[in-house]
Amino acid sequence: MGGLQKKKYESGSATNYITRNRARKKLSLSLADFRRLCILKGIYPHEPKHKKKVNKGSTAPRTYYLLKDIRFLLHEPIVGKFREYKIFVRKLRKAYGKAEWSGVQRLRENKPAYKLDHIIKERYPTFIDALRDVDDSLSMCFLFSTFARTGKCHVQTIQLCRRLSVEWMNYIITSRSLRKVFLSIKGIYYQAEVLGQTITWIVPYQFAHNHPTDVDYRVMATFTELYTTLFGFVNFRLYQTLNLVYPPKLDGPGEASLRSGCDEDYALDSESYSEKLSALSASLARMVPVMEEEETQLDHFPAEGEDLEKMEAREKEELERDAQKKLFEGLKFFLNREVPRESLAFLIRCLGGQVSWDKSLCIGSTYDVTDETITHHIVDRPNIDKQYINRYYIQPQWVYDSLNAKMLLPVEDYFLGVTLPPHLSPFVEETEGDYVPPEKLKLLALQRGEKPQEENEEEEDDDDDDEEDDDDEQSEEDEEEEEEAKLTEIEEKRTKGKNLPVKVTPGKVKAENRTKAEQEEKAEEKRLAIMMMKKREKYLYEKIMFGKKRNIRDANKLAAKRKAHDEASKTDKKKKKKC
Amino acid sequence: MRPAPSSTMSKLKSKKRNIDEDEDDQLPIFEKDNSKDGHLDDDDDDDEGQADHSDSEESVFSGLEESGSDSDDEEEEEDEEDDDVSVLKSCDVEEDKRTSEDVQLSTKDITEPQNDIKGSKDKKKKKKKSSSEVKKDDESVTVTSQRIEGLKILSHVDEYERDSSDEEDIRNTVGNIPMEWYKDYPHIGYDLDGKKIFKPIRNKDELDEFLDKMENPDYWRTVQDKMTGADIRLSDEQVELVRRLQQGKFGDVNFNEYEPAVEFFSNEVMIHPVTNRPQDKRSFIPSLIEKEKVGKLVHAIKMGWIKPRRPAETTPQYYDLWAKEDPNSILGRHKMHVPAPKMKLPGHEESYNPPPEYLMSEEERLAWEQLDPEDRKLSYLPQKFACLRAVPAYSRFIHERFERCLDLYLCPRQRKMRVNVNPEDLIPKLPKPKDLHPFPTTQSLVYLGHSSLIRSISVSPSGQWLVSGSDDCTVRFWEVSTARCLKTMEVGGAVKGVAWNPNPSVSLVAVSFDNTVLLLNPGLCDRLVSNSTDQLISSYEDPEESKDQHVQWTVSEGEDHEQGHRLTLKHPKAVRQVTWHGKGDYLACVMPDNTSNLQVVIHQVSKRRTQNPFRKSKGLVQCVSFHPIRPYFFVATQRYVRVYNLIKQELTKKLMTNCKWISSMAIHPGGDNVICGSYDCRLAWFDLDLSTKPYKVLRHHKKALRGVAYHRHYPLFASASDDGSVIVCHGMVYNDLLQNPLIVPVKVLKGHSVTQDLGVLDVTFHPTQPWVFSSGADGTVRLFT
């Protein structure tokens, strides 16, 4: 009937999205600037549901942003700063070209700078939001803080990253919120629980980086810029929650002793101070002196049914956590020089232990090797010359495993020269049907309080039992065979006499396995029912079943591998014994 | 000048005479020349004085010069020589140091190569070339000569000592023009006095040239002066100079090119200034402009407009950003924001000391390496290290962080609801097959005998006999209960269809092969029935007016009759399917042919009548069927089933099957439901009361369906397929119109083997028992009970 004809692509999803290039033109920014803006403002592309509709019928691959997002970017003051910076660079280049050195200096002094505070506030309106998103910034800052001072990025950035990461570690130590650690081949994963948020970060091992050529450091630098700002504010707030002084200051007596100790090692006072902070051996100064040990008792609420169970579980968890916090309390550690000092010092201090190292290794050591009260000496070499009798010499993995197990593991497995037990990931939570490595089972048993039996004896017993069983079975079988043989003999004797033309063979009794038949019936029933499924449901069902089967297959594979390995090692052992 | 005598001069004339003749006239002129610019020649003279004059014509000129030079003073000669050498020394300041000794030395040097040349002829050829080069060099020599001349003339003016660039060749005033312009004239230019300079008389031919070459020891050092056309013999020094220049050396032997440099500007302060210019006055007077500028700045500072620069803050200042958390600041976009998913947490296999089962075996590692980095399940190889100390840096650490960054700002984010379904819940709840008994469950009998695939089977209405038609051109009759073949009948072609008359009082079987339909009386059942059937057929009387029919009816007689053949219906085309009406009088035949309207014919056996019900072809007819109760006729074409009312003679319904190609069709005994099997593995159930679209489409089979069948009493239907299986389903049709039929698959019957991609070809139920017969491509009929 009447009315204007509706034109295509003038409403709906075609108008809700905008391609990247059009967005860039709309903002009149270069691609690099647009990228930076998107990173800083946290704008990410969207995948439209119907690409063809959005792309006006074409199916060419394109990146789309929401038009709303781009409109939101239009009013960003930082865009103006980008332009200023562009102009600054142009002027500087010109001045260089003309060799106007005074001009260059003047320009450099007036280099335009921008702050990201408002962006942080805008992106994370509440502190918890920011804390939730701090994972990546932690990993990035820890990575940047390990970069060499020359080359890939500004020295100030590296220093800032180092400062912030040290602040973070000090906070974690003070709040004792470290929960899990994992030594992977990539680096060391840490997981902490800060204000109820689980935060995981990874720290690379302390080595010089081989800077890859196919990585765009500008992107990384932009992210770091954002992350350091966010991280700094988060740190400030976290220090505030614990009534700590920010920027961190060492506690009074510790500070004094340190200052008197080794001031001559570092030329700059500020430098030595930051080094002392990063040594992680002293506690931090507080705004308000803390009351000693304020025991907080959880209030009990009357609850029923499920809630009660939940409450109990929660309480139990709480108790466990407290135990973990105080795991190393009263223990005194000494780190040998070849172990990763920072990681271990961080860990031990997080669990309430005391830690020290050789004076020449790093600033901030509190006691010497010769201290008689040292309980654990962490060594990562096959043996050590001078051993004290009243301390354990253990490998560093013990510390990590103990933290993950939330208990002090038996030190025997971690003595010097001993083959270490496998280091398991604390992040894996096995559900039903998953493969659980036997070490984990053992650990769980330990945690439940069951005493581990002596492995070797057990194995031997098992072997003996098996052999005995085998013997028994064999003997039984033999007996049966003998009986049968007798019977046949008798029969033969009987038949020989008569020689009948018709041979009667005994009919075989088909053992009707009732359960099996039942199962088969059920399986068939299921198969038939599956035939009647709708197409879509069938697809989904098959997909789920495929995934399940794959999981089972993987688990079986792992189990088989383990079994093969165990057998191989057992035979090796036996051979050795025989030799 | 006198060119004539010189041109007429014969070669035989002795040289000396020539000289004598010309001497007198030319002498003054050449003297002049000599005095001005002929010093080069003078040099020659010195040598030539000793050398032998073997030249014929050349020497005319040179001889003249000789004479001229003879007249010159010896002192003068020496002077000239001095000057010349000084030029050779590239006109340096050290002119005075030159001595004649050097010249002598150099001449000695030259004599040696001269001798060599004489020795070998080959070298002479080379010398020819070199001589041409020498000629080129000659020009440069002339230039130097000019300079020397200048020296000579203006020796007292030192200023222009080296400035000879703009000087012309004064011997010849024609200027810098191509000399070939004068090649047709006897003269070659004009001297300073405006007199013609005549070319030397040269009428040397090849022979002269050759003789000259042979005899004249100085031939190799003789060059032609282009400006004057005269032959010039180069002196030893000149030759040496040329040689040195060719070698790229300095002309002067004594010149040291590596003398220590004397620094002009140095760090040492000299007592004298570099320039002696007095300072300007303005350098002593203070600048007004500067004063003005400084004044302005001072004023600005006084007024507080200019402030001292504060050092820029390098370290960022942090403060409590979230001091006042404003609930209003949480905007809609924060709610819409999709936070980036966190990084995946590592599993056991990433440990530096993983349990042994997580390490890759050799094959796994190879497979991992061969995979594309994108397809790998793990992005790294699990490794085991004996101690923490041995763990190296992870080389891809920065890469991984970078990839995470890229993910954060480049990846589109979308909220996806994860389907969390218990797969068991997806399985529909159906009544258990156990509760739906009876239905066939096991294969109990196999009817063996046919040697080829069995296209069609049919059961007698009593359920006692079974007929099967096969591609081996036989029809076999079986006893159902014993699987014994009672009768085998050979027919003239591969049997496409068999159908037992559903009327129990008539014992007739319709068999179709090629374009014939045969009505057989197997004589298996009650003799009464058999006889009555025979009677029925024989009692037919030809009507008076015989109609023109498409089909020819013939009564079998003789041997055929003995065998049981009763009637033969010859069709115009190949018959594919035969089907009886429920009453047993009408018989429908299908002759698939897309082009004609004669695809379906209905025969009336009692009246031996044939009619073609359709005037128009509506597509390739696959199969037809009569409604069991009402006068309806079902015709299945490739994609549709059409239902015709035979009485009203109209189309009542058109069923859309949604299939590509219907293969078979069966009507529910109630008449309200139809199933259609198709070659695209589907079975469509139609409820005629409900819709023309399928009530349910079942896709149970893996391959094409060949046959479908309903049971006459039990709520069962079966489908046969090329995958070698027969699926029996419970298909309950309720009397209540509101309740939809219940379809439950109850049994998959397997037994037939698949031969040549064909499995089960036909399926039919026993009329009374819940048994199902199936015939397959393997030449067997099987009974499932």
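The talk below takes labels used for this predicted model and sets each against its value.

Trainee: What makes Gly584(B) a buried residue?

Mentor: Buried means under 20% relative accessible area. Gly584(B) has 8%, so it is called buried. It sits in the loop between strand E15 (577–580) and strand E16 (586–590) of chain B.

Trainee: Which residues is Gly584(B) in contact with, leaving aside its neighbours within four places in sequence?

Mentor: They are Asn501(B), Pro502(B) and Asn503(B). Contact here means heavy atoms within 4.5 Å. Trp500(B) is 84 residues from Gly584(B) in sequence, while their C-alpha atoms are 9.1 Å apart in space.

Trainee: Why is Asp136(A) called buried?

Mentor: Its relative accessible area is 8%, and the cut-off is under 20%, so Asp136(A) counts as buried. Asp136(A) belongs to helix H10 (residues 134–145) of chain A. Apart from neighbours within four places in sequence, Asp136(A) has contacts with Tyr227(A) and, in chain B, with Met343(B), Arg401(B), Arg404(B) and Leu408(B).

Trainee: How do you know how much area chain B and chain A bury between them?

Mentor: The size of an interface is often given as the accessible area lost when the parts come together. For chain B and chain A the figure is about 8,600 Å², with 63% of it on carbon and sulfur atoms. Tyr318(B), Trp322(B) and Tyr409(B) supply 11% of the area that chain B buries against chain A, more than any other three residues. In terms of contacts, 88 residues of chain B meet 113 residues of chain A.

Trainee: What is the phi of Arg176(A), and what is the phi of Leu195(A)?

Mentor: Most residues other than glycine have a negative phi. Arg176(A) has a phi near 50 degrees, a positive value, and phi of Leu195(A) is also near 50 degrees. Arg176(A) is in the loop between helix H11 (155–175) and strand E3 (178–183) of chain A. Leu195(A) is in the loop between strand E4 (187–194) and strand E5 (197–204) of chain A.

Trainee: What is the omega of the cis peptide bond from Tyr246(A) to Pro247(A)?

Mentor: Omega is near -5 degrees for that bond. Pro247(A) lies in the loop between helix H12 (217–241) and helix H13 (252–261) of chain A. A cis peptide bond also joins His437(B) and Pro438(B), with omega about 5 degrees. Most peptide bonds are trans.

Trainee: How are helix H3 and helix H6 of chain A placed relative to each other?

Mentor: The axes of H3 (residues 31–41) and H6 (residues 77–97) come within 11 Å and cross at roughly 145 degrees. The crossing is right-handed. Asp33(A), Arg36(A), Leu37(A) and Leu40(A) of H3(A) meet Ile78(A), Val79(A) and Phe82(A) of H6(A).

Trainee: How many residues of the contact of H3(A) with H6(A) are charged?

Mentor: Two are charged, five are nonpolar and none is polar.

Conventions
Residues are numbered from 1 along each chain as its sequence is written. Chains are lettered from A and ligands numbered from 1 in the order in which they are written. This is a predicted model: local features need pLDDT of at least 70, side-chain atom pairs count only at pLDDT 80 or more; totals for chains, interfaces and linings use all residues. Side-chain values use heavy atoms; hydrogens and water are left out. Axes are lines fitted to C-alpha atoms, for helices over the stretch in contact, and angles run from 0 to 180 degrees between N-to-C directions. Helices (H or I, at least four residues) and strands (E, at least two) are DSSP runs, numbered from the N terminus. A crossing is left-handed if the near helix is turned anticlockwise from the far one by less than a right angle, and right-handed if clockwise. Ala, Val, Leu, Ile, Met, Phe, Trp, Tyr, Cys and Pro count as nonpolar, Asp, Glu, Lys and Arg as charged, and the others, Gly among them, as polar. Buried area is the accessible area (1.4 Å probe) that two parts lose on being put together, summed over both. Buried means under 20% relative accessible area, exposed over 50%, partly exposed in between (1.4 Å probe, protein chains only).
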